[in-house]
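Me: I have a model open and would like to talk it through with you. Could we go over it piece by piece?

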Amino acid sequence: MTKQNNLLKMALLMALGLQLAACGGSEPNAMTEPEPVSPTATATYTEPHRPQFHHSPPIGWTNDPNGMVYFDGEYHLFYQHYPDSTVWGPMHWGHAVSKDLVHWENLPIALFPDSLGYIFSGSAVVDTKNSTGFGKNGQPPLVAMFTLHDMKREKDGTNSHESQGIAYSNDRGRTWTMYEGNPVMPNPGGVKDIRDPKLIWHEATKQWVVTLAVGDHIEFWAAPDLKKWTKLSEFGKTYGGHGGVWECPDLFPMTVAGTSETKWVLIVNINPGGPNGGSVGQYFVGDFDGKTYTLDPSFAKQVPLGTGAWMDWGKDNYAAVTWSDAPDGRRLLIGWMSNWEYANKVPTGIWRNAMTLVRSMSLAKNAKGYYLVAEPVQEQQALRTMFVGLEKMELTAPVDLTAKLGAPTTLSEMELEFELPKDAAGSVGVELSNAKGETYRIGYDAKAKQFFSDRTKSGDSSFSEKFAPKASTAPRFADGNTVKMHLFFDVASAELFADGGSTVMTEIFFPTEDFTQAKLFAEGGKATLTGGKVHQLKGIWE
Ligand code: FRU
């Protein structure tokens with residue numbers, strides 16, 4: 001599966017008359033002209049805006065993470081990928097693996113578009129029981145299920161161009177074979193949006209269950225062998241956020257923290273419709289019996305039609321779903337760190353877009369009801385280098401974190417934790433800046449009881465009016481007396497896990513020169529810092 005193969009494939013596709021890079025009517029993706037990547041372009045991972053501890057493709061375009069599965073000591077990350085251009089186009093599955101969820105090794109492209117269509121988003125599982133018969137030498141196969149999006153058929157106006165296919169691997173995900181019986185789930189006829197299959201093995205009913213996003217609702221289908229699918233039920237037309245098309249779902253059981261109660265979490269990404277504009281992930285909490293998804297009555301009250309429970313309040317965490325077969329019962333999630341409002345236009349060079357940090361998910365319950373909690377995986381701590389403690393202090397003047405860290409040449413890789421009383425008089429936050437006077441601010445506004453991420457003065461935003469019209473905000477969900485901030489900054493992104501992960505914000509920014517200064521600031525009234533820690537982090541590509 002070399003680049004050469006890829007070019008051959010592309011030539012074949014063009015001969016077949018499939019359109020390059022024009023994402024058609026059913027897709028929200030921007031219609032931006034292809035920007036070819038030179039075949040000689042080589043990634044150094046030192047390019048301007050290149051994340052140093054997030055996954056981004058060596059060259060070309062990426063959107064959704066796909067097919068995440070743990071197998072034989074490796075966490076696989078596949079991703080929507082167009083290697084020949086930095087705008088969306090004929091979708092492949094790019095591939096990377098990690099042993100620790102932090103360091104990534106890029107591998108050759110796993111899946112290429114074929115005569116049935118582009119390879120849209122989907123999932124992968126270990127077929128432990130060899131229900132597919134694809135196993136070899138007593139070893140279980142990895143099986144991926146994805147949407148085949150037929151660009152040629154899209155033009156015939158029958159709205160039947162999306163179907164589902166499978167492929168398998170017998171060599172730890174290194175090479176893949178398309179199943180000759182594809183599509184395993186043809187379009188039911190006239191269903192324009194039916195995509196992003198997320199597979200689980202449902203032990204109680206001993207069958208594979210797939211969750212599909214179907215325009216304005218979710219459909220659950222079942223199969224004994226990942227090939228013969230029967231529809232089980234539908235969910236969601238009358239609940240939750242419906243500001244855009246439903247995409248990239250996920251379904252999994254979770255034990256409610258501190259109890260023995262099990263609830264089924266259903267993730268549904270929607271585009272647009274986010275609380276701060278554009279793409280966003282929402283979730284539901286309920287029960288699933290192998291056939292029907294039933295919202296928990298208490299949760300139903302939180303998500304009447306038109307109101308979503310958001311997984312991440314920033315503008316840049318989309319299509320986030322979880323790993324299959326993660327060890328130790330962990331529920332690990334990763335998202336695409338961008339937004340369809342501007343993803344095709346952000347000012348990067350030979351590659352475009354990156355993934356979020358991997359998050360460890362849990363389900364909690366308080367007086368307000370069930371809620372999802374996202375924390376950075378603890379493996380992330382391996383990147384910590386220098387560490388400086390912050391004493392309890394009145395924030396009467398800005399605290400220069402750069403000086404505290406011994407003025408490193410760049411602050412692009414930093415982790416910061418600090419706490420403040422919830423009744424501070426004004427806003428407390430972190431400001432990153434550079435010599436050009438560009439600034440990015442993120443923090444907590446105690447008066448408004450909300451977190452904010454302000455990239456309005458953070459550098460280049462000329463590529464889209466929707467990128468930084470105003471600061472993004474998120475209400476505080478936790479009710480403790482201390483507001484806890486946990487932040488990661490990586491060249492062109494910030495991730496906030498507030499109050500132990502009960503409010504999350506992820507946003508990207510593009511300073512025209514790297515940020516070199518960081519300070520803690522308080523504004524609009526007296527504020528006390530209860531304490532904190534700053535870590536410099538090392539990159540993963542060195
Ligand atoms: C979400 C999405 C998916 C689709 C893929 C195409 O970002 O639109 O629904 O499968 O991207 O690249």
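**Salt bridges, cores and strands**

Reply: Asp499 forms a salt bridge with Arg476, and their closest N and O atoms are 2.8 Å apart. Please keep in mind throughout that this is a predicted model.

Me: Where in the chain do Asp499 and Arg476 sit?

Reply: The pair links distant parts of the chain, 23 residues apart: Asp499 is in the loop between strand E31 (493-498) and strand E32 (503-508), while Arg476 is in the loop between strand E29 (472-475) and strand E30 (482-490).

Me: How many salt bridges does a search of the whole structure find?

Reply: Searching the whole structure gives 30 salt bridges. Among them, Arg172 pairs with Asp72, the closest N and O atoms being 3.2 Å apart. That pair links distant parts of the chain, with Arg172 in the loop between strand E7 (162-169) and strand E8 (177-178), and Asp72 in the loop between E1 and strand E2 (74-82), 100 residues apart. Arg172 is partly exposed, at a relative accessible area of 33%.

Me: What about Glu431, which residue does it form a salt bridge with?

Reply: The partner of Glu431 is Lys519, and the closest N and O atoms are 3.6 Å apart. Here too distant parts of the chain are linked, since Glu431 belongs to strand E26 (residues 427-433) and Lys519 to strand E33 (residues 517-523), 88 residues apart. Glu431 counts as buried at 9% relative accessibility, whereas Lys519 is partly exposed with a relative accessible area of 29%.

Me: OK, switching to the domains. How is the protein chain divided?

Reply: The protein chain is divided into domain 1 (3-375) and domain 2 (377-537). Taken over C-alpha atoms, the centres of domain 1 and domain 2 are separated by 30 Å, and 40 residues of domain 1 are in contact with 39 residues of domain 2.

Me: Which residues have the most contacts inside the largest nonpolar core?

Reply: The largest nonpolar core has 81 residues, and those with the most contacts inside it are Phe220, Leu266, Tyr283, Phe284, Tyr293, Phe299 and Trp323. Strand E14 gives the most to this core, with six residues. Domain 1 (3-375) and domain 2 (377-537) both give residues to this core, so it lies between them.

Me: Tell me about Trp323, what does it touch?

Reply: Leaving aside residues up to four places away in sequence, Trp323 touches Met68, Val69, Tyr70, Tyr75, His76, Leu101, Trp104, Arg331, Leu332, Leu333, Ile334 and Val358. There is also a second, separate core of 35 residues, which includes Leu395, Ala424, Tyr440 and Met505.

Me: You mentioned E14. What order do the strands have in the open sheet of four?

Reply: The order in that open sheet is E13-E14-E15-E16, with antiparallel pairing. Its edge strands are strand E13 (245-255) and strand E16 (293-295), each of which pairs on one side only. On average, neighbouring strands of this sheet are turned by 40° against each other, direction ignored.

Me: How many bridges are there between E13 and E14?

Reply: E13 and strand E14 (residues 262-271) pair in the antiparallel sense over 10 bridges, and Thr255 stands opposite Thr262 in E14.

Me: Now strand E35. Why is it largely enclosed by the rest of the structure?

Reply: Strand E35 (residues 531-537) is largely enclosed by the rest of the structure because five of its seven residues are buried. Strand E22 (residues 384-390) runs antiparallel to E35 and is joined to it by five bridges, with Val388 opposite Val534 in E35. Strand E25 (residues 413-421) is also antiparallel to E35, through six bridges, and there Glu417 stands opposite Lys533.

Me: Last one: where does His49 lie?

Reply: His49 lies in the loop between helix H1 (3-15) and strand E1 (60-71), and His49 is buried, with a relative accessible area of 12%. Not counting residues up to four places away in sequence, His49 touches Pro347, Thr348, Trp351, Val491, Ala492, Phe510 and Pro511.

How values were computed:
Residues numbered from 1 in each chain as written. Predicted model: local features only at pLDDT ≥ 70, side-chain atom pairs only at ≥ 80, totals over all residues. Heavy atoms only, no water. Buried < 20%, exposed > 50% of the residue type's maximum accessible area, 1.4 Å probe, protein only. Helix = DSSP H or I, 4+ residues; strand = E, 2+ residues; numbered from the N terminus. Pairing = 2+ DSSP bridges. Axes fitted to C-alpha atoms, helices over the stretch in contact; angles between N-to-C directions. Contact = heavy atoms within 4.5 Å. Salt bridge = Lys/Arg side-chain N within 4 Å of Asp/Glu carboxyl O. Core = buried A, V, L, I, M, F, W, Y, C linked by side-chain atoms within 4.5 Å. Domains from an automatic or database assignment.
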